[in-house]
Amino acid sequence: MATGNSETSGKSKAKATREKRGVPGGLWLRCEDCGETIYRKEADELMSVCPQCGYHMYLSAPARVKWVLDEGTFEEWDAELLPTDPLAFKDKKPYVERLKAEQARTGMRDAALTGTGMIRARRVAFGVTDSAFIMGSMGSVVGERLTRLIERATKENLPLIIISGSGGGARMHEGILSLMQMAKVSAALARYGQAGGLFISVLTNPTMGGVAASFASLGDLVFAEPKALIGFAGPRTIKATIRVELPEGFQTSEFLLEHGYIDRIVRRADLKSEIARAIDYCGK
Amino acid sequence: MASATYRLAFEQPIAHLEEQIKQLERTEPKSAEIHDAIRALKRELAETTRRVYSQLDPWETVQVARHPDRPMLTDYLNLLFDEFVELHGDKFFGDDRALRTGFSKLDRYKVLVVGHYKGKTLKERNECFFGCAHPEGYRKAMSKMRMAAKYRLPIICLIDTPGAYPGIGAEERGQAQVIAESMLEMSRLPTPIICVVIGEGGSGGALGIGVGDRVAVLQFAYYSVISPEGCAGILWKSHDYAGDAARALKLTSKYLHELGCVDDVIEEPLGAAHRDHHQMASRLKMYLLKSLRELVDLPTDKLLAARYEKFRRMGQFLEGDAAPAATANGRPKAT
């Protein structure tokens, strides 16, 4: 499930972007797609979309809140949940230290933000995962926050919007507990759906592994940003298994649209109005 | 069951004793001393087997779980179920051979069996991709399970897969989406579901048929978020560290139970399941019958509420400035 981890784009490319993510770097940044050097302030104003080629670059969870929700309406829920280290996990670095470093680097407690806010004056339950925090992977905290979000959306009869940016899938460092979050969140979504809730899942670059194979794929409507990498197994795993070159554009939003797994590809600038319109159509 | 021919490295002391016994048994005529020697060696063999298997490292456990002689789905179908009426096909794309479904009888219970099959011969293994199911497998499982729920046939899921298949076709046909949907569907199917990991519990491919009222693992099975090799490749940058990854992932039955992710651990015969298929099958049967007895008469709303709560409690985190001892599932923290 965590197969997508760290192999979401080309090897060196992924490394370069990861160092950049969540760090307020210099004045300039480089588009990951066309290589154009962009003035950071200009990119920020354009929601981190490349002015040259329209590529949708990394956007942090707080920036997502800013661009999707009406200004000043976000109220965070369950912010007090903190990750722990149930397995005493250690690879080259102990998980506890990794958590501390990620928290310091990103300013987040774990990979998800959840809460409520307004989208063009429609109240919604809102969640977002941030690929800068251990690849946006889902451990106990992400699973619990999303489950609480879904349960509260069920109780308060709110439309549910979750924006995924999770290349890591289920978080390896919490082992089986991470895997089980997939079942937990999916079960909560089953109840939400039965109660008549409207769930709009928005897939962004990258959404892989256990996140793609749970809540992210369970939207009544599934939107995706252009050119996002979305899939179950990581491209490197697939290549190593089948030993053939992967087709051009494999596992992109466009690929998924073509194969029937996405309702709409939505540009970042249109996301807010697209969500609002869908909510209206579904009478929520 | 004939003793296994395939030997794992740590089984050497066991193999050595077995060889000695075999040689002595071939001696004719047998003097009283030889009879005594055989008896002594057999005692030693039992002792050694018990010792070796009580000290297994997680990585060794993974190798036991993958042992080619370990009983597979078809063995259990033969040994503990009265018949198996296979139901093929997802009525959409094809008939996945890595995930098999069918009606079956277990004593007085009529059930639906859903299980992974890794294959025994090379031909079978290629046919079922060594137990890695494609989306059509999960789609088939889902449709048969829905059908079973309609008639309140209990469902028994026997999990044994390295993981869902990673390939172009699998991605094109929505591997992620079918696994997600399968978990969602299983969380609310109005019939008892019992899931047992009989060998490998490989991540999403396992969990895709792993949401039930009872989730058990065999003693030397494993259940993990990612294969040890995959984890090593990502975190250690080399598959050579699979052993370290296996130890770090806490994927063995003892930890799985301590972490609150499985309800029960089913003990294996002396020297693990591959040494005694019959005994393993009868222990599994006892567990399944006991679980069925507990579940079949439960009202559906109670059944579903308990199933939801079970998964709802899984996870460990801290809340606010609470003491680190607080865990979501109320179980002690694993050490």
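Biologist: Which residues belong to domain 1 and domain 2 of chain B?

Modeller: Domain 1 of chain B covers residues 9-55, and domain 2 covers 62-312.

Biologist: How many residues of domain 1 of chain B are in contact with domain 2 of chain B?

Modeller: In domain 1 of chain B, 8 residues are in contact with 8 residues of domain 2 of chain B. The area buried between these two domains is about 630 Å², with 63% of that area coming from carbon and sulfur atoms.

Biologist: How many salt bridges are counted between the two domains of chain B?

Modeller: The count is 2 salt bridges. Glu11(B) and Arg275(B) are joined by a salt bridge between their side chains, at 2.4 Å from N to O. The helices α1 (12-26) and α2 (32-54) of chain B each supply at least two residues to the side of domain 1 that touches domain 2. The most comes from α2(B), with 4 residues. By residue type, that side of domain 1 of chain B divides into 4 nonpolar, 1 polar and 3 charged residues.

Biologist: Let us turn to the two chains. How many residues of chain A are in contact with chain B?

Modeller: There, 65 residues of chain A are in contact with 53 residues of chain B. About 5200 Å² is buried between chain A and chain B, and carbon and sulfur atoms give 69% of this area.

Biologist: Which polar features should I look for across this interface?

Modeller: Between chain A and chain B there are 3 salt bridges. In a salt bridge of Glu144(A) with Arg312(B), the closest N and O atoms are 3.0 Å apart. The interface of chain A and chain B also has 16 residue pairs in polar contact, both residues being at pLDDT 80 or more.

Biologist: Which element of chain A gives the most to the side that touches chain B?

Modeller: That element is α6(A), with 17 residues. The side of chain A that touches chain B consists of 34 nonpolar, 19 polar and 12 charged residues.

Biologist: Finally, how should I read the confidence of chain A?

Modeller: Where pLDDT is low, predicted coordinates should not be read in detail. Chain A has a mean pLDDT of 91, and 91% of its residues reach 70 or more. Over residues 2-20 of chain A, however, the pLDDT is below 50.

Definitions and conventions:
Residues are numbered from 1 along each chain as its sequence is written. Chains are lettered from A and ligands numbered from 1 in the order in which they are written. Side-chain values use heavy atoms; hydrogens and water are left out. Domain bounds come from an automatic or database domain assignment. Contact means heavy atoms within 4.5 Å. Buried area is the accessible area (1.4 Å probe) that two parts lose on being put together, summed over both. A salt bridge is a side-chain nitrogen of Lys or Arg within 4 Å of a carboxyl oxygen of Asp or Glu. Ala, Val, Leu, Ile, Met, Phe, Trp, Tyr, Cys and Pro count as nonpolar, Asp, Glu, Lys and Arg as charged, and the others, Gly among them, as polar. pLDDT is the predictor's confidence in each residue, from 0 to 100. A polar contact is a pair of N or O atoms within 3.5 Å; within protein, one must be able to donate a hydrogen and the other to accept it, and residues adjacent in sequence count only if both atoms are side-chain atoms.
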